[in-house]
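Subject: Structure handover

Hello,

Here is the structure I promised to pass on. Please open it first, then read my notes below.

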Amino acid sequence: MTEANGFQRFQGTEGYIASKPLIDAVNCAVALERPLLVKGEPGTGKTLLAQHVAAGLGMPMEHWHIKSTSKGAEGLYVYDTIQRLNDARFGEGDVKDIRHYIKYGPLGRVFAAAERHVLLIDEVDKADVEFPNDLLRELDEMRFTVMETGDEISAKERPVVIITSNNEKELPDAFLRRCVFHFIDFPEPDLMKEIVDVHHKNLDATLLDQVLIKFYWLRSQRELRKKPSTSELIDWIAVLLRSGVTNKQVEEHLPFIGTLLKNEQDTEALSQFEESDSKLPSSWSELGPRYQQ
Ligand SMILES: Nc1ncnc2c1ncn2[C@@H]1O[C@H](COP(=O)(O)OP(=O)(O)OP(=O)(O)O)[C@@H](O)[C@H]1O
Ligand SMILES: [Mg+2]
């Protein structure tokens, strides 16, 4: 992390391989103090990015995982009326002081913290369409009022906000206008080799090549319903290494396919392919001009 021209710069970390445009997008969001909206296929490192931005900038991170039932207001605070009622019934706690029953959510906690945080709002598209709209003002102004007490919580240090989406729902224009946007393109083989190296250090080069040829070939099959992604590739390599399969076996077959294909129609299509006399590709040139090395 460096601090040049007045703002902290993210330069990537050893555990996360970020392309130059992604690093630029992070730094643009940090400099503008605007949320960074990251989209991309599942398993392309959106969630992991936030953890590594926090590590790279030396900031603690708060992770707000969004569900279909999440409400914007819960990110700020909830007033625990049930606890207060119970305390009143059983004569416990200080029921006169409402502040004891105000529980901050992830946004509330990072605003109230003395230290600058990274706030990850993960999978924003899981919630209903009102969710992003409900947070517009708070994310802009980085402050809110606790209605029950009149307390105003204003961010001492504006958090670095990273929002991820898998594109399940469109986000409102007013929300998009306030964000810096980056789409994580699916990594090309060279970048993927670097990513694999983070997880499986010094993998045998021949095995890595065979694994990647098979992986990109699978992804290029049009009829595939669910393409395997980076996280599945990393799991696949882990199981290949643990089971001790030889390079030759990976050259000719696709062992442990359950780590790569997660849909019965896809596994069925592959077994039909293997049963016919068709040969799996074992060189980059067989994948077509896009993959010429
Ligand atoms: N650029 C990268 N550098 C290092 N590891 C990566 C990278 N991209 C993906 N990975 C690996 O893939 C895994 C999945 O990443 P992550 O969970 O961040 O994906 P995601 O985009 O958030 O997926 P989803 O949309 O399903 O939540 C990581 O745990 C890591 O092992
Ligand atoms: Mg994720």
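Start with A54. This residue counts as buried, because 22 C-beta neighbours lie inside 10 Å and the cut-off for buried is 20 or more. A54 sits in helix α2. Setting aside neighbours within four places in sequence, A54 is in contact with M59, P60, M61 and V118. R225 is another matter: 171 residues separate A54 and R225 along the chain, and their C-alpha atoms are 34 Å apart.

Please keep in mind that this is a predicted model.

**Overall picture**

The protein has 293 residues, and 29% of them count as buried. Its secondary structure comes to 13 helices and 11 strands. The C-alpha trace spans about 75 × 50 × 35 Å along its principal axes. Take the contacts with a separation of 6 or more: 73% of them join residues 24 or more positions apart.

**Two domains**

The protein is divided into domain 1 (20-75 + 104-183) and domain 2 (189-291). Their C-alpha centres lie 35 Å apart. Five residues from domain 1 and four residues from domain 2 make the contact. On the domain 1 side, the touching residues are one nonpolar, three polar and one charged.

**Cores**

In soluble globular proteins, nonpolar side chains tend to be buried together. Here the largest nonpolar core has 40 residues. L36, V53, V118 and I162 have the most contacts inside this core. The elements that give it two or more residues are α1 (20-32), β3 (36-40), α2 (46-57), β4 (61-65), α5 (106-112), β7 (118-122) and β10 (160-165). A second, separate core has 15 residues, including V196, L218, V250 and L261.

L36 deserves a look of its own. Leaving out neighbours within four places in sequence, L36 is in contact with A25, V26, A29, V161, I162, I163, C179, V180 and H182.

**The ligand**

Helix α10 covers residues 205-220. At 1.5 Å a residue, its 16 residues should span 22 Å; the end C-alpha atoms are 22 Å apart, so the two values agree. The buried residues of α10 are D209, Q210, V211, L212, I213, K214, F215, Y216 and L218. What covers them includes α9, α11 and α12 (247-252).

Helix α13 covers residues 264-275. Its 12 residues should span 16 Å at 1.5 Å a residue, and its end C-alpha atoms are 16 Å apart, which agrees. How many of the 12 residues of α13 are buried? The count is one, and α13 is hardly covered.

**The loop between α12 and α13**

I257 lies in this loop. With 18 other C-beta atoms within 10 Å, I257 is partly exposed. Not counting residues up to four places away in sequence, I257 touches T267 and L270. I257 and L270 are 13 residues apart along the chain, and their C-alpha atoms are separated by 9.2 Å.

F256 is found in the loop between α12 and α13 too. F256 is partly exposed, because it has 15 other C-beta atoms within 10 Å.

**Positive phi**

Most residues other than glycine have a negative phi. F256 is not a glycine, yet its phi is positive, at about 55°. E123 also has a positive phi, near 65°, and is a residue other than glycine. E123 lies in the loop between β7 and α6 (130-134). With 21 C-beta neighbours inside 10 Å, E123 counts as buried.

That is everything from my side.

Best wishes

Definitions and conventions
Residues numbered from 1 in each chain as written. Chains lettered and ligands numbered in written order. Predicted model: local features only at pLDDT ≥ 70, side-chain atom pairs only at ≥ 80, totals over all residues. Core = buried A, V, L, I, M, F, W, Y, C linked by C-beta atoms within 7 Å. Helix = DSSP H or I, 4+ residues; strand = E, 2+ residues; numbered from the N terminus. Contact = placed C-beta atoms within 7 Å. Domains from an automatic or database assignment. Nonpolar A, V, L, I, M, F, W, Y, C, P; charged D, E, K, R; others polar. Expected span 1.5 Å × (residues − 1).
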